[in-house]
Protein chains: 2
Amino acid sequence: MEKITSVGLVETQYFTFNEPINLECGEQLSPITIAYETYGKLNQAKDNAILILHALSGDAHAAGYHNEKDKKPGWWEDMIGPGKAFDTDQYFIICSNFLGGCSGTTGPSFVNPKTNKPYASDFPVITIEDMVKIQVKLIDHLRIDQLLCTAGGSMGGMQALEWAISYPKRLKSCLVVASTCRLSAQGIAFNEVGRKAITSDPFWNNGHYYNAEKTPDKGLALARMVAHITYLSEESMHKKFGRRLQDKNNLDFTFDIDFQVESYLRHQGKSFVGRFDANSYLYITKAMDYFDLVEKHGSLAKAFQNVLAKFLIISYTTDWLFPPVQSKEIVRALMNMDKEVTYCDIDSPFGHDAFLLEADRQTKIIKSFLKDIS
Amino acid sequence: MEKITSVGLVETQYFTFNEPINLECGEQLSPITIAYETYGKLNQAKDNAILILHALSGDAHAAGYHNEKDKKPGWWEDMIGPGKAFDTDQYFIICSNFLGGCSGTTGPSFVNPKTNKPYASDFPVITIEDMVKIQVKLIDHLRIDQLLCTAGGSMGGMQALEWAISYPKRLKSCLVVASTCRLSAQGIAFNEVGRKAITSDPFWNNGHYYNAEKTPDKGLALARMVAHITYLSEESMHKKFGRRLQDKNNLDFTFDIDFQVESYLRHQGKSFVGRFDANSYLYITKAMDYFDLVEKHGSLAKAFQNVLAKFLIISYTTDWLFPPVQSKEIVRALMNMDKEVTYCDIDSPFGHDAFLLEADRQTKIIKSFLKDIS
């Protein structure tokens, strides 16, 4: 366990509220439990809180360790801690697991109070707007009027943007990394393949597998495999694996694994199954597909009309899932509306995953940005 | 039925030979049947024959119609016919279905003479070299000593290259469109996802489904869906579908199809199942993965050492499956070895599929190239 720069031992906390939430689909949902973690201390003025929003496969455990034996720290350990980009000596960091997920916050695996069975496919189709709506409840619960910053990469960036637009007075700044104001046709296509992989698995059983002996593991693994390709750049895959063989010196003319990249992908698929729920994958990718600030507000200019936050937008040159051109679209709209925005397109070989890997380079930019805000 | 520029009614022909073929994997295969079509006439000197090599999902039916009621012509109809790039008034065009496929040439669905049952998973793992080896048998059978050209796009380009390298005296020129001398890690990764989709389908049953009531349709459809994304560019997907909804005016918050791109992909998957065999998909993608001229010959320079053909290499700017940089690698190696090579990188929005769509622009270049050869 890292001792000096880590937040150390942390615990996931839970906040449950019974007041029904009106979802964008028209349905109501209650009760709702939110899983979240916090690092650092909220100051007396309560003006040093930063809300970290996670991506598709993330959870509330963004930094530190759950116990002494933990091998892996939280998913953004390199970015959150004493002296780091999100400096826990200065800021009070909150990370909450989003609605519809499978890591503590209410989602399709939760018991539906109307039936006393897991929601499964009866869980309502939720949106980024809904996710943010329940995050607001958490921030209210923590008695924080205004966040210093909402920050997230990928789908986390969508939530950060939604905060700035729907709750302009509740945040001073907004940090959006490797994200977009609407998913491209190609992005929807990859999500649809992932969903189809899950729903084609006979053990998915229309979502009702929670008490079954067999679960749609193969479908979920497959969904993860295809998504994982989109997180890496061609360049990083080439450097990481090239055409190197896995545990053999020659092609063996069978359908076993030949290449390292095959082994890696299968491993990614398998390990994902152990920590993710297939139904959550369906709901979350759908929320991502539905996110479209242009369609919702008429134009990006109108979407940003009332925002008050200062923005930092970061993209990565080799990110082809949320390519820089999509970040530039956001930056251009903000500039046209006379909003304060800083933009960095970072030259990195790591593709979309760069927001998880390029800690050093992000740190410099984010530190300086937050310093100017606080 | 188009009358003037089409080759009109054509028939698939079959050539079967019993002499066993030594495959690269070490096994022997016999008998072998080759499905092929020809258009135009072989001249007396027998020096006007062009062999068209097809891609993953192609077949021997490259041009014309099989009967008066046929709605769709052959897969390269725009390129083959009187006055077209492959001008049937001048050239004798041959297109043969490759080994391991499912459109007439011996493949996993064929009966294994040793067991009197379909080969299924007992079919040997074949390579591009093996495919070309049996194409040579067909050209021998047609009593053609030297082809004017071997030509193909995508995986067809791999075969065209293999011809030039392994049978240098048997061809005068070689046309390689949207192809590569070795598949990238990303390409292997996508193929592996496709294979995993098929083998995860319970009806695949280790390949033994030919006499079963249910077949691995869902797995095969899924494999096609993911592959299809790689055939289009982000730009062409955006233009073709954007975020337009399918048969609805508003999102309906269900898991039905929302977006046109989803509907399109599902249709592509479904229609592929009707014309393709899941086992063939496994074998053919494996052959594609195994193709590596650098590994096989030590270097690209050594691979091209003894080639005699004149080359035309064409790539497409938005092709991210076989990107221009891979064509340039071939061109550079050929130039370094003082071979004759012409290279065109065509600016097109259509991604990898451009080799099937950019008929007009390809035609000009190919016509001029073939004119100089003949």
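Strands here are DSSP runs of E with at least two residues, helices are runs of H or I with at least four residues, and both are numbered from the N terminus.

A word on what you are looking at. This is a predicted model, where local features need pLDDT of at least 70 and side-chain atom pairs count only at pLDDT 80 or more, while totals for chains, interfaces and linings use all residues. Residues are numbered from 1 along each chain as its sequence is written, and chains are lettered from A and ligands numbered from 1 in the order in which they are written.

Back to our pair. Strand S5 (residues 49–53) and strand S11 (residues 149–153) of chain B run parallel and are joined by 4 bridges. Two strands count as paired if DSSP finds at least two bridges between them.

Now let's zoom out to the sheet. In chain B, 8 strands make an open sheet with mixed pairing, in the order S1-S4-S8-S5-S11-S12-S13-S14. Strand S1 (13–17) and strand S14 (341–346) of chain B sit at the edges with a single partner strand each, so one side of each has no neighbour in the sheet. From one strand to the next, the twist averages 20 degrees. For angles like this, axes are lines fitted to C-alpha atoms, for helices over the stretch in contact, and the angles run from 0 to 180 degrees between N-to-C directions.

Helix H1 (residues 128–141) of chain B packs on this sheet; it touches S1, strand S4 (32–39), S5 and strand S8 (92–96) of chain B, and its direction makes about 60 degrees with that of S4(B). Touching means that C-beta atoms, placed from the backbone, lie within 7 Å.

Over to chain A. There, too, 8 strands form an open sheet with mixed pairing. Strand S12 (residues 173–177) and strand S13 (residues 310–316) of chain A run parallel, with 5 bridges between them. A:Val176 has A:Ile313 as its bridge partner in S13(A). Helix H12 (residues 359–373) of chain A packs on the sheet against S11, S12, S13 and S14 of chain A, at about 175 degrees to the direction of S13(A).

So how do the chains meet? Each side of the contact is listed: 41 residues from chain B and 41 residues from chain A. On the side of chain B that touches chain A, H3(B) gives the largest share, 9 residues.

Which way do H4(A) and H3(B) run relative to each other? Their axes come within 10 Å and cross at roughly 165 degrees. H4(A) and H3(B) are therefore roughly antiparallel, a label for angles over 145 degrees, with under 35 roughly parallel, 65 to 115 roughly perpendicular and the rest oblique. Among the residues making this contact are A:Leu222 and A:Met225 of H4(A), and B:Ala189 and B:Phe190 of H3(B).

Finally, the symmetry. A rotation of 180 degrees with 0.0 Å of shift along its axis superposes chain B on chain A, with RMSD 0.0 Å. The same surface serves both copies, as 100% of the contact residues of chain B recur in chain A.

Technical notes. Contact = placed C-beta atoms within 7 Å. Least-squares fit on C-alpha atoms with pLDDT ≥ 70 in both.
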